[in-house]
Amino acid sequence: MLARSVLVSPLLLALAGPSLAQTAPATPAPATEPITAPGKAPDAYRLLPQADLEALFPGRPITAKGPTLSPIYRGPQYAESCMYSVKLPSPTSKLEFARFASLTVIRWDGVAKGRETPAQTFASIKASREKLTADPKITLKLEPLSGVGDEAFQETSSSSVVVRARKDDLIYAVSLDVYSEQTAPNALALAKQAAARWRGGT
């Protein structure tokens, strides 16, 4: 999952105060031209470009942390994940603090063909995440989503909102650290943009 994975280490963040809720509503920049060539390796930075975050956090400092390349043993290397740091004002002081946004390619048929289908893999991922919700030590809420690729669901914890989705032969996850009531709508908007940019070979 990422250099900072979608399984983001808990930051134990509480929802921020009203000052952070003033970030822009979930209207990221229009999707760039889709990645249309069948079999073309996914590029996490094209699926989640910095422009999307600049539209959601106008005027805030945003830093790209660099891509994580897929392991060579999985086939041709490609930008498997990306991560950005967004500086936001503290609701209780004059300081700023960083929140992270990331996208991770969980599976792509260009290096996974011959095993179970993307739909079967996604069903297995969802089932494993549902089991976690039964653990009383873990505060995790799962919700089905519509309008994101072919199928998707959202995970909400005290530290982050993660949207896991499948579009054609691509399975990916978008993670956004909790910062205000806009966290979930913005994570959903970013995941929709990523889906709109991908056209796979299935």
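How many helices and how many strands does the protein have? There are five helices and eight strands, and the model you are looking at is a predicted one.

**Figure 1. The whole chain, element by element.**
Start at the N terminus and the elements go α-α-β-β-β-β-α-α-β-β-β-β-α. The protein has 202 residues, and 46% of them count as buried. Now look at contacts with a separation of 6 or more: 60% of those in the protein come from residues 24 or more positions apart. Keep that in mind for the views below.

A pair of aromatic rings is described by the distance of the centres and the angle of the planes. The structure holds four such pairs.

**Figure 2. Y78 and W108, another edge-to-face pair.**
Why does this pair count as edge-to-face? The planes of Y78 and W108 are at 75°, and over 60 degrees is what the label asks for, so edge-to-face it is. Their ring centres are 5.3 Å apart. Here too the pair links distant parts of the chain: Y78 is in the loop between strand 2 (68–69) and strand 3 (79–89), W108 is in strand 4 (residues 96–108), and 30 residues separate them. Are these two buried or exposed? Y78 is buried, at 4% relative accessibility, and W108 is buried as well, with a relative accessible area of 3%.

**Figure 3. The largest nonpolar core.**
In soluble globular proteins, nonpolar side chains tend to be buried together. The largest nonpolar core here has 35 residues, and the members that touch the most others are L103 and Y172. Which elements supply at least two residues each to this core? They are helix 1 (44–47), helix 2, strand 3, strand 4, strand 7 (160–167), strand 8 and helix 5. Zoom in on Y172 and skip its neighbours within four places in sequence: its contacts include L103, V105, I106, V148, V163, A191 and A194.

**Figure 4. Strand 3 and its partners.**
Strand 3 is largely enclosed by the rest of the structure, because nine of its eleven residues are buried. Strand 1 pairs with strand 3 in the antiparallel sense over three bridges, and I62 stands opposite V86 of strand 3. Strand 2 also runs antiparallel to strand 3, with two bridges joining them; L69 has A79 in strand 3 as its bridge partner. On to strand 4, which is antiparallel to strand 3 and joined to it by nine bridges. A hairpin of six residues takes the chain from strand 3 to strand 4.

S85 has its place in strand 3 and stands opposite F100 in strand 4. S85 is buried, with a relative accessible area of 6%. Leaving aside neighbours within four places in sequence, S85 is in contact with P61, I62, T63, K65, A98, R99 and F100. L88 lies in strand 3 too, and it is buried with a relative accessible area of 1%.

**Figure 5. Helix 5 and what covers it.**
At 1.5 Å a residue, the 15 residues of helix 5 should span 21 Å, and its end C-alpha atoms are 22 Å apart, which agrees. Its buried residues include T183, N186, L190, Q193 and R197. What covers the buried residues of helix 5? The cover includes helix 1, helix 2, strand 4, strand 7 and strand 8.

**Figure 6. Helix 4 and its buried face.**
Helix 4 (residues 118–133) has 16 residues, which should span 22 Å at 1.5 Å a residue; the end C-alpha atoms are 23 Å apart, and that agrees. The buried ones in helix 4 are P118, T121, F122, I125 and R129. Seen down the axis, these buried residues fall within an arc of 100°, so they line one face of helix 4.

Key
Residues numbered from 1 in each chain as written. Predicted model: local features only at pLDDT ≥ 70, side-chain atom pairs only at ≥ 80, totals over all residues. Heavy atoms only, no water. Phe/Tyr/Trp six-rings, centres within 6.5 Å; stacked < 30°, edge-to-face > 60°. Helix = DSSP H or I, 4+ residues; strand = E, 2+ residues; numbered from the N terminus. Buried < 20%, exposed > 50% of the residue type's maximum accessible area, 1.4 Å probe, protein only. Core = buried A, V, L, I, M, F, W, Y, C linked by side-chain atoms within 4.5 Å. Contact = heavy atoms within 4.5 Å. Pairing = 2+ DSSP bridges. Expected span 1.5 Å × (residues − 1). Arc of directions from axis to C-beta.
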